[in-house]
Amino acid sequence: MRYQIQGETLPVVICELEAGERMITEGGAMSWMSPNMKMETTSNGGIGKAFGRAFSGEKMFQNIYTAQGGPGMIAFASSFPGSIRAFEITPGQDMIFQKSAFLASEAGVQLSMHFRKKIGSGLFGGEGFIMQKVSGQGIMFAEFDGHVVEYELQPGQQIVIDTGHLAAMAATCSMDIQSVPGVKNMLFGGEGFFNTVITGPGKVWLQTMPISNVAGALRPYIPTGN
């Protein structure tokens, strides 16, 4: 499979497949494709995994697209202004993503739930305590909100992240929360009560425009019913 990511504000990934190659995506993610791409809707692992994907922010059923009779082409576009990134998933090198990050992948990639080990980091970390875990073998495409900045954390090195800005991290990283120090800072600092703390080793991907922040910025301008 060969691919290219085009566009800046609303990107799209265009995948060129050899005959018999397959791509997996959730329903509604396909943007355009060649006529020889065959679609099959499946629970992809049974009803248990389907419910797991639903809890992690994806749809229960997935679509599998196969190039039949020769090379095929299929494109997947982002659903929100931001970035599409490609990740090479290999056995033993799992990755953790924010909810709804999964866009599409090669057929050897598996998507499942990931629970934050400490309930506190889930309840107060800003994005819920269920995230997406990606494992297996193949290329996976993720969509993030806004621009993406990447950091490589050394063992024990930490980074403190405001709510919603965590896009992805290597499974070798650990996550916790810390409260904003001082009552005055909490009440009047405008940064919320808690921050997410990521500890290395491993890579971390941060996004500049979480959709939750956009929703909050627009809320004062949305008319409310009487």
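Trainee: How many helices and strands are there in the chain?
Mentor: The chain has four helices and 19 strands. Please keep in mind that this is a predicted model.

Trainee: And how much of the chain counts as buried?
Mentor: Of its 226 residues, 43% count as buried. The accessible surface of the chain is about 11,600 Å², and carbon and sulfur atoms hold 57% of that area.

Trainee: What is the strand order in the open sheet of six strands?
Mentor: The order is E5-E6-E3-E10-E13-E8, and the pairing is antiparallel. On average, neighbouring strands in this sheet are turned by 20 degrees against each other, direction ignored.

Trainee: Which strands stand at the edges?
Mentor: Those are E5 (37-42) and E8 (82-89). Each has a single partner strand, so one side of each is left without a neighbour in the sheet.

Trainee: How many bridges join E8 to E13?
Mentor: Eight bridges join E8 to E13, which covers residues 138-145, and the two run antiparallel. As one of the pairings, Ala 86 has Phe 141 in E13 as its bridge partner.

Trainee: Changing topic: which residues have the most contacts inside the largest nonpolar core?
Mentor: They are Phe 87, Phe 97, Met 140 and Phe 144, in a core of 16 residues. Strands E8, E9 (95-97), E11 (109-115), E13 and E16 (166-170) each supply at least two residues of this core. The largest share, three residues, comes from E13.

Trainee: What does Phe 87 touch, leaving out residues up to four places away in sequence?
Mentor: Phe 87 touches Met 95, Phe 97, Gly 138, Ile 139, Met 140, Ala 142, Phe 144 and Trp 205. Another core, of 15 residues, lies apart from the largest one and includes Tyr 65, Ala 67, Ile 84 and Phe 141.

Trainee: How many salt bridges does a search of the whole structure find?
Mentor: The search finds two. In one of them, the side chains of Asp 94 and Lys 133 meet at 3.5 Å, N to O. Asp 94 is in the loop between E8 and E9, while Lys 133 is in strand E12 (residues 130-136), 39 residues apart.

Trainee: Which residue forms a salt bridge with Glu 150?
Mentor: That is Lys 203, with the closest N and O atoms 3.3 Å apart. Glu 150 belongs to strand E14 (residues 148-153) and Lys 203 to strand E19 (residues 202-207), so the pair ties together parts that are 53 residues apart in sequence.

Trainee: Where does Glu 150 stand in relative accessibility?
Mentor: Glu 150 is at 38% and counts as partly exposed. Lys 203 is also partly exposed, with a relative accessible area of 34%.

How values were computed: Residues are numbered from 1 along each chain as its sequence is written. This is a predicted model: local features need pLDDT of at least 70, side-chain atom pairs count only at pLDDT 80 or more; totals for chains, interfaces and linings use all residues. Side-chain values use heavy atoms; hydrogens and water are left out. Two strands pair if DSSP finds at least two bridges between them. Axes are lines fitted to C-alpha atoms, for helices over the stretch in contact, and angles run from 0 to 180 degrees between N-to-C directions. Buried means under 20% relative accessible area, exposed over 50%, partly exposed in between (1.4 Å probe, protein chains only). Accessible areas come from the Shrake-Rupley method with a 1.4 Å probe; for residues, only the protein chains shown count as cover. A nonpolar core is a set of buried Ala, Val, Leu, Ile, Met, Phe, Trp, Tyr and Cys residues joined through side-chain atoms within 4.5 Å. Contact means heavy atoms within 4.5 Å. A salt bridge is a side-chain nitrogen of Lys or Arg within 4 Å of a carboxyl oxygen of Asp or Glu.
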